[in-house]
Amino acid sequence: MTGWTPIDCHAHTTMSDGALSIEELVEAVRARGVRPGVADHLSTDVSQAVKSIDGVGAYLDALEPYDVARGGEFCWHDSLWRELPDDLSARFTHKLGSLHAVHIPGTSQPLSMWHRELPNELTPAAYMALHLDELERFAAEMPVDILSHPTLLPLPIRVVSVDELWTDALEERLVDALFHAEIAFEISNRYRPHERLVKRAHDRGVRLSLGSDGHTRAQVGDLEFPLEMAMRVGAEPHSLFDPFVHGTRAAR
Ligand SMILES: [Zn+2]
Ligand SMILES: [Zn+2]
C-alpha cells in the first residue's frame with residue numbers, strides 16, 4: 001500500500017525510563033520505516049518518570065520541535081492525569097492509559113502488576129473478575145485514546161494459560177468497555193496479546209493501535225509483530241490508530 005507508514009504510538013525516551021534521547025529515538029524509528037511517537041511515563045508512581053504538572057509542560061516543550069507524535073503514558077491508579085489542565089491536555093497528540101496497578105477491595109494499596117503475590121489468596125479467576133471491574137471503571141473515567149498493553153496482568157498469574165485466564169465473558173467485557181468509551185486497543189510488542197482477543201476487539205469495532213513499548217534502540221519502532229497481528233485479524237492499515245487523525249480525546 002502506497003502512502004501509508006505505520007506509527008509507533010508507544011515508546012520511551014530518557015525523559016522517563018528509556019535509553020534514547022528524543023533525537024536518537026526519532027532516528028532509530030525512522031530507520032525502520034516507521035513514524036515515531038513518544039509516550040513517556042507521566043506518573044508519580046513510576047520511579048523514572050515525569051511526576052508533576054510543571055514537568056508535563058516541560059516534557060511537551062521538549063517534544064514540540066520534533067516531527068514526532070506527542071503522547072504520554074499515564075497510570076490509571078495515579079492522580080497526575082486527574083490534575084492535568086485542559087491547555088496542557090490539548091497539546092498531546094494522544095494519551096495512553098495503563099493499568100500498572102489495580103485496586104483490590106479490602107486492601108489499602110493498589111496491587112502492582114509486578115508484585116510477587118496476589119493478596120487475600122485470590123485465585124486467578126477471582127483476580128480476573130476484579131481486573132475487569134477495574135478496567136470498566138478505567139474506560140468510563142479516564143480520558144485517554146489508547147489502553148496500553150491490554151493483557152498486562154500481575155506477575156504471579158502470567159504463567160497461567162491464556163485460555164484459563166481470558167474467558168469469553170471477560171473478553172467481551174473488555175472489548176465492550178473500550179468500544180463504548182472509544183478507546184483504542186494497543187497491540188503491544190512488549191506484552192503481546194493473544195490473537196483471539198485482538199480479533200474480538202477488531203470485530204467489535206474497537207480501533208487497533210500499534211505500540212513497541214520500546215525503551216532501547218533495538219526495541220523502539222519494532223512493529224513487526226503488532227502490524228502482522230493487525231493484518232491477520234482483518235484490520236485495514238488506514239483504520240489503525242493514528243494520533244494525527246484519531247487523537248485526542250481532549251478535542252472531543
Ligand atoms: Zn506500561
Ligand atoms: Zn510503556
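Buried residues make up 46% of the 252 residues in the chain; a residue is buried if 20 or more other C-beta atoms, placed from the backbone, lie within 10 Å of its own, exposed if 12 or fewer, and partly exposed in between. This is a predicted model, in which local features need pLDDT of at least 70, side-chain atom pairs count only at pLDDT 80 or more, and totals for chains, interfaces and linings use all residues. Residues are numbered from 1 along each chain as its sequence is written, while chains are lettered from A and ligands numbered from 1 in the order in which they are written.

Start with the whole chain in cartoon view. The chain has 9 helices and 8 strands, which are DSSP runs numbered from the N terminus (helices: H or I, at least four residues; strands: E, at least two). Along the principal axes, the C-alpha atoms fill a box of roughly 50 × 40 × 35 Å.

Next, select residues 195-204, which form helix α7. Buried here are Leu197, Val198, Arg200, Ala201 and His202.

Now go back to the loop between β7 and α7 and select Arg192. Arg192 counts as partly exposed because it has 14 C-beta neighbours inside 10 Å. Finish by selecting Pro226: its C-alpha is 8.1 Å from that of Arg192, although the two are 34 residues apart in sequence.
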